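Work through the exercises below with the model open beside you. Try each task before reading its solution.

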Amino acid sequence: MFAQMKTYQYKREIKDISEQWHSIELPESLYEKTKINLADIRIYGIVKNDTIEAPYALKAKKSIEKINDVTFEVLNESHTNDSYFYTFKVENASKINEIYLNFDKLNFDFNIKIEGGHNEKEWFTIADDYRILSIENRATSFKFTTAKISTSTYSYYRITAKTSEDPEFKSAMIFENNTIPATYNTYSPIKEEVTNNQKTKETIIALELKHAVPLSHIKVAVLDGLNYLRPIQISYLTDSTKTNTGWHYQYRNLSSSILSSINKNEFDFISTRVKKLKITISNQDNQPLKIGNIELQGYQYELIGRFTEPGQYFLSYGNPEVSEPIYDINLMDNVVPATAKAVALGKELGSQIIVAAPETPALFENKKWLWAIMFLIITLIGYYTIKMIKKS
């Protein structure tokens, strides 16, 4: 097992182990030194001059989707010169907090009013001037038609579309969305450069992190108070090559979407290890936007290890040849506790073998002491021999 530990490039001592189960927070600098899927992480313990492997569970704290479809029926549709009305009846006055509206019309932009009531005579305002829109053309494909409201339990809902043109209502869906949001680590860039390219009519934001870390969520703050709707592309650096004309950088797409004044401008994508990334905003024929803070986030990983014997334990990582470990605790339900006492990690160490401190050797096992004693004995024998010869 000592030889196996040596195959890992890095290790950190796990300090203050006092329970059977402990949680360990992975340091930011660890990610770029492990396999993409973190499969080469191991916990090794030195116990009574032997080495054992401690099992662990490692999970990303992703969002947990909890969406309940609510049964309803469309009671009627009507309109005036400047508004269109749609009334829904919800079964058993179920809880709802999202209403999705589907229209056949491809291009529209108007506000809606959402009301609720226990009958069709008295209405209470839930949301007013809630903007929805749809844009379909060669440059843009964007739809924002889901209204998120405070949780309500009315039997009837009325949607008023404030438009003189028929949006061509097709269908609707009503939900109770209780999704548990993901838990993220937030990473601050060490370099940030914003360039407005007048030739390509693009704003390019170049960002660099201190370490390569797994990112899955980006939020872009826009400081302008005006209305805007612009294509945005998020990409990350995969390779760089030095040529006669300079460095050539190769980027791969993470997400393509729309930067809009009507939503939060938060973009999710598959968790990807990133150190340098580029955000490209197509301004078309508009003035560039004033970009504020950019939040870079990745799923928080939770590692919970089981320690059954007292000893000195190390978190080992950095071995591209090993496969993902298979532990019993991950194959059975309700074995790994939901929470565990946190422990700290020591400084990062290299690939040298770490062994328990050896016992102090016996006095006569030390060669220096043996030579000193032999010299003393020879000296005494010589002294008494000479003395006896003189007496004779």
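**Exercise 1. Second largest pocket**

Task: State the volume of the second largest pocket, then say which residues lie closest to its centre.

Solution. Step 1: the second largest pocket has a volume of about 380 Å³. A pocket is an open set of points on a 1 Å grid over the protein atoms alone, where a 1.4 Å probe fits and protein lies on both sides within 12 Å along at least five of seven lines; lining residues have an atom within 4 Å of a point. Volume is the space filled by probe spheres set on the points, which are joined across faces, edges and corners.

Step 1: 21 residues line this pocket, and Lys59, Lys61, Glu302, Pro337 and Ala338 are the closest to its centre.

Step 2: β5 (56-60) and β23 (301-306) each give two or more residues to the lining. The largest share, four residues, comes from β5. Strands are DSSP runs (E, at least two residues), numbered from the N terminus.

Step 3: by class, the lining has 14 nonpolar, three polar and four charged residues. Here Ala, Val, Leu, Ile, Met, Phe, Trp, Tyr, Cys and Pro count as nonpolar, Asp, Glu, Lys and Arg as charged, and the others, Gly among them, as polar.

A note on the source: this is a predicted model, where local features need pLDDT of at least 70 and side-chain atom pairs count only at pLDDT 80 or more, while totals for chains, interfaces and linings use all residues. Residues are numbered from 1 along each chain as its sequence is written, and side-chain values use heavy atoms, with hydrogens and water left out.

**Exercise 2. Largest pocket**

Task: Describe the lining of the largest pocket.

Solution. Step 1: the volume of the largest pocket is about 860 Å³.

Step 1: it has 26 lining residues; closest to the centre are Glu98, Lys148, Lys264, Glu266 and Asp268.

Step 2: two or more lining residues come from each of β9 (96-103), β12 (141-144), β13 (146-152), β15 (169-177) and β21 (266-282).

Step 3: twelve of the lining residues are nonpolar, seven polar and seven charged.

**Exercise 3. Strand β3**

Step 1: β3 pairs with β24 (residues 312-317) in the antiparallel sense over five bridges; strands pair if DSSP finds at least two bridges between them. Ile43 stands opposite Leu315 in β24.

Step 2: β3 also pairs with β4 (residues 50-54), antiparallel over five bridges. Val47 stands opposite Asp50 in β4. The two strands form a hairpin with two residues between them, and Lys48 in the turn has a positive phi of about 50°.

**Exercise 4. Aromatic rings**

Task: How many aromatic pairs does the structure hold?

Solution. Step 1: the count is 16. Rings of Phe, Tyr and Trp (its six-membered ring) pair if their centres lie within 6.5 Å; planes under 30 degrees apart are stacked, over 60 edge-to-face and the rest tilted.

Step 1: Phe103 and Phe110 are edge-to-face, at 6.0 Å centre to centre and 80° between the planes. Phe103 is buried, at 5% relative accessible area.

Step 2: Phe307 and Tyr313 have centres 5.0 Å apart and planes at 85°, so this pair is edge-to-face. Both are buried.

Key:
Buried < 20%, exposed > 50% of the residue type's maximum accessible area, 1.4 Å probe, protein only.
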